[in-house]
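Work through the exercises below with the structure in view. Each task is followed by a solution in steps.

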Amino acid sequence: MASHVVSVIVVTPSGPKRNLHCWSELPLDLMRLVFERLGFADFQRAKSVCPSWRSASRLSKPNNQVPWLFLIPKDENYGLLFNPEEKDKFYKTQDLGNDFGESSCVATYKSWLLMVTYTEEVCLYNPYILDLLTRERINLPSFESCYGLISPVLWIDEKTKDYLVIGMLDEENMVSIKKEDNSWKPITQLSLSSIEDCFSMIYKDHKLYCLNYYKLTIFDFSGHVPLQVFKISVRRCIERAVGGTTRIPGNIPCKRYYWACYKNNVVVTVDGDVLIVNSMRKEMSYIWNFKIYKMGSSKGSKWVEVVSLGDEVILLELGITVLAKDIEGIKRNSIYFNGSDSVNPYDENDIFIFNLDTKKVEQPHKFVCSSVLCSNARWFLPSFKRE
């Protein structure tokens, strides 16, 4: 707790009788306020103080605004979890399935992962949803595709286990699957011009945000049929270089002799503002450049460039921001992102933090990857269950 420190002063008359158990007799509402501001490590320590504190912890959850790092060791069936609040320490999540080491993580939602294994001989993809902390698994129907699931998004209700997975099978066809579905369903209600070449999607508050090279389109999925509710041109704030012969969704080769990785991501802030985040890096270089554009409220400024996030942090692959003020373990005015979504395969494990104040990139997990060969890595926001 960086700024809100709770102090309890007990005044007792002089003499042999003193209240030696005052900390265990704190009001429940006060203890809940304390617990809900604690990170994971301090939460675990605090609930061990006494029985009354443990009881209060069951009514609270540790702060989950701090992104954790998740790594998949190559050809292993366990995962490694790194909590930035605890430096030089990581946790091992065991028994995640015999196929876990062969799977790729393509999307996350809280502690849930959307995992996919691939059978090359028949171009068959076998997806499943996995809770990283409880090891609960939901198998999804297999599907055939030449490209896999492009720009997938995942949402799940942790109480009812209702879920929704949306992705592109190719440049024109969007599919989804829900808990009650037996197979992947094409989403035919959405216009082709709105989803064609979509390379960045996020799903938040029952709204799907689809970004392609020409427009950002928002669809409402709260009803039985998805409806288009908004669209806006993005031509002035999308990086798209000309030249090259290879095209990867969201990555455009530069027209010089070297290659450059260009990415464009849509992000929704804590307050609901919509951002487009451009990232660029030359091949074989760890120098990244970012530009952030915010959708303007006035007609004269559809998009305005943003130079600072203030007390917020962008979790790029999740497509959201979180508050970082007075929270230990998270760097304000920064972008947390995955370097593997690029044309450079040599750094497929790399996870970065880009500081917008210093314009420099940090690698927070070197002590882990120096000893473990990993095939996949991602930032995620853990969802802690009450005990």
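Is Arg332 buried, partly exposed or exposed, and what is its relative accessible area? Arg332 is partly exposed, with a relative accessible area of 37%. Here buried means under 20% relative accessible area, exposed means over 50%, and partly exposed lies in between (1.4 Å probe, protein chains only).

The model is predicted, so local features need pLDDT of at least 70 and side-chain atom pairs count only at pLDDT 80 or more, while totals for chains, interfaces and linings use all residues. Residues are numbered from 1 along each chain as its sequence is written, and side-chain values use heavy atoms, with hydrogens and water left out.

**Exercise 1. State how many salt bridges the whole structure has, and describe the one between Asp273 and Lys294.**

Step 1. The search of the whole structure gives 9 salt bridges.

Step 2. One of them joins the side chains of Asp273 and Lys294, at 3.5 Å from N to O. Asp273 is in the loop between strand S17 (260-268) and strand S18 (274-282), whereas Lys294 is in strand S19 (residues 288-295), 21 residues apart.

Step 3. Asp273 is partly exposed, at 30%, and Lys294 is partly exposed, at 31%.

**Exercise 2. Count the aromatic pairs and classify the pair of Phe70 and Phe100.**

Step 1. Rings of Phe, Tyr and Trp (its six-membered ring) pair if their centres lie within 6.5 Å; planes under 30 degrees apart count as stacked, over 60 as edge-to-face and the rest as tilted. By this rule there are 17 aromatic pairs.

Step 2. Phe70 and Phe100 are 6.2 Å apart, centre to centre, with 55° between the planes, and the pair is tilted.

Step 3. Phe70 belongs to strand S1 (residues 68-73) and Phe100 to the loop between strand S3 (90-93) and strand S4 (104-109), 30 residues apart.

Step 4. Phe70 is buried, with a relative accessible area of 1%, and Phe100 is buried, with 0%.

**Exercise 3. Classify the pair of Tyr336 and Trp379.**

Step 1. The centres are 4.8 Å apart and the planes of Tyr336 and Trp379 stand at 75°, an edge-to-face pair.

Step 2. Tyr336 is in strand S23 (residues 334-338) and Trp379 in strand S26 (residues 374-380), so the pair ties together parts 43 residues apart in sequence.

Step 3. Tyr336 and Trp379 are both buried.

**Exercise 4. Name the residues that ring pairs link into a cluster.**

The cluster consists of Trp288, Phe290, Phe337, Phe352 and Phe354.

How values were computed. Helices (H or I, at least four residues) and strands (E, at least two) are DSSP runs, numbered from the N terminus. A salt bridge is a side-chain nitrogen of Lys or Arg within 4 Å of a carboxyl oxygen of Asp or Glu.
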